[in-house]
Amino acid sequence: TLGRQVKFTMDKMDGKGEVTGVDIFKPDGTVLHSFALSTFAQNTISKSFDFLQPGFYQYKIGVKNTVDYILVTVTSKAADDTTLPFRTKCWASAEDFDAQVTKLSVLAQVEQGNRPVLNAKVEALIENDSQEEAIRIPLYDNGAGADQILNDGIYTRYFTRYNGQDGRYTLRCQVIGDENTMFVTQKNGVKSLEESSGQGRTYPLKPSSSTSPVCCGSSIGNVDTEPTGDFKRKATGTSFKVQKDTAPGPDQDFFPPSKVTDLKVSSNEFNFTVEFTAPGDDYDEGMAARYELKYSDNLNVLRDEYEWDKLNETFITSNDILDSSNLNPQEAGSLIRIGLDLAFFPEDNTVYYLAMKAYDASGKVSRLSNIAQTVRVVEEDSSGLSGGAIAGIVIACVVVGFVLVVAGYFAHKKLKE
């Protein structure tokens, strides 16, 4: 979809190949513009249009011999000057790396104006010269897995499907907005999803670097939104290079499940509820083999990797879980919710801390999750007096009564005498 001040630009890298023709077509298939042959001696050509009716336009590039690299960029303002334009860009978190060492994230930012767009369908298309078709992976803005800030308009996923192919990869992304898509009109402060764990910190709306947010499990907070309406956008991202002989093959398991960053526990008058987003077999893709949830009243013990393996008495097992839920692994990105009987944690004012790890079929384990916490507070008597105070009053009354009885006895005896 186009509008005002449309500009088509093509950049060709130096090489042996030649560009022999470039044609731009209208939505009805007729030619909108053809570039003159004399322009192809330049490495960059462009054409501007004051206004184009909204619709799907196409272009065709003719080449002679092999052209190593061509970059086409189309920029446009909205047809209605009161409508904020949609902006989409995508990139990878590394450029030249060892795939067995570096954890690669693919990111796409979607905005209307400078406001985050939420609930869009975002997909990355990743291609290698040796592959016949692009690898397609959905990206999510859910604050879990590779995506570290919920509702900031940056959709993220780890990439692990190298299939033994090293070399140069290209990245594209496409965005679809529908009746469920909205943009943020106002944000009411930032907050952390870990606030309930006593480790709450706040994070900026946008990451400070060009790669990925610096921490995890956070949110931009409560937001006011408006619908975007239907739209489609595509963007060309940065390319990245996998160093020679470092791309894991399809039968190799190099990647553990991703760290769970949104573990939380809540309670009502009937039961406890534990929730988290499922990690995958390889980071945030696939399905883990099992989850390991443990708890302790000692936060330092729960955080300690050495002590973690000793917490054999504080497992949360399938026997502890209410019949309506289970701990069976689910596909990465699924919301997992399990119920625990209210008596699971004693009503004694003790703070209990929960954490988890995920394991894949080969035994690779995720990093320790964020720490969640819960406490059952001892209810005070309706009179406002604690149990100890009530006991003290009863004892005092008994003592006073005994003293009065003894005093009456001696007084009566004296009168008789």
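Visitor: Does Lys357 count as buried, partly exposed or exposed, and at what relative accessibility?

Guide: This is a predicted model, in which local features need pLDDT of at least 70 and side-chain atom pairs count only at pLDDT 80 or more, while totals for chains, interfaces and linings use all residues. Residues are numbered from 1 along each chain as its sequence is written, and side-chain values use heavy atoms, with hydrogens and water left out. Buried means under 20% relative accessible area, exposed over 50%, and partly exposed in between, with a 1.4 Å probe and protein chains only. Lys357 has 7% relative accessibility, and therefore counts as buried.

Visitor: How many salt bridges are found in the whole structure?

Guide: One of them joins Arg172 and Glu127, with the closest N and O atoms 3.1 Å apart. Arg172 is in strand S15 and Glu127 in strand S11, so this pair ties together parts 45 residues apart in sequence. Salt bridges with shared partners also join Lys264, Glu275 and Arg337 into one network. The search of the whole structure gives 11.

Visitor: Which residues touch the most other members of the largest nonpolar core?

Guide: A nonpolar core is a set of buried Ala, Val, Leu, Ile, Met, Phe, Trp, Tyr and Cys residues joined through side-chain atoms within 4.5 Å. In soluble globular proteins, nonpolar side chains tend to be buried together. The largest core here has 35 residues, and the members touching the most others are Phe159, Tyr162 and Phe240.

Visitor: Which strand gives the most residues to this core?

Guide: Several strands each supply at least two residues of the core, among them S7 (86–92), S9 (105–112) and S15 (167–177). The one that gives the most, with 4 residues, is S15.

Visitor: Is Val110 buried or exposed?

Guide: Val110 is placed in strand S9. Leaving out residues up to four places away in sequence, Val110 is in contact (heavy atoms within 4.5 Å) with residues including Val117, Val122, Tyr155 and Val175. With 1% relative accessibility, Val110 is buried.

Visitor: What is the relative accessible area of Ser105?

Guide: Ser105 also lies in strand S9. Beyond its neighbours within four places in sequence, Ser105 touches residues including Trp91, Ala146 and Tyr158. Ser105 is buried, and its relative accessible area is 6%.

Visitor: What share of the residues in the protein chain is buried?

Guide: The protein chain contains 3 helices and 27 strands. Among its contacts with a separation of 6 or more, 72% are between residues 24 or more positions apart. Of the 417 residues in the chain, the buried share is 42%.

Definitions and conventions:
Salt bridge = Lys/Arg side-chain N within 4 Å of Asp/Glu carboxyl O.
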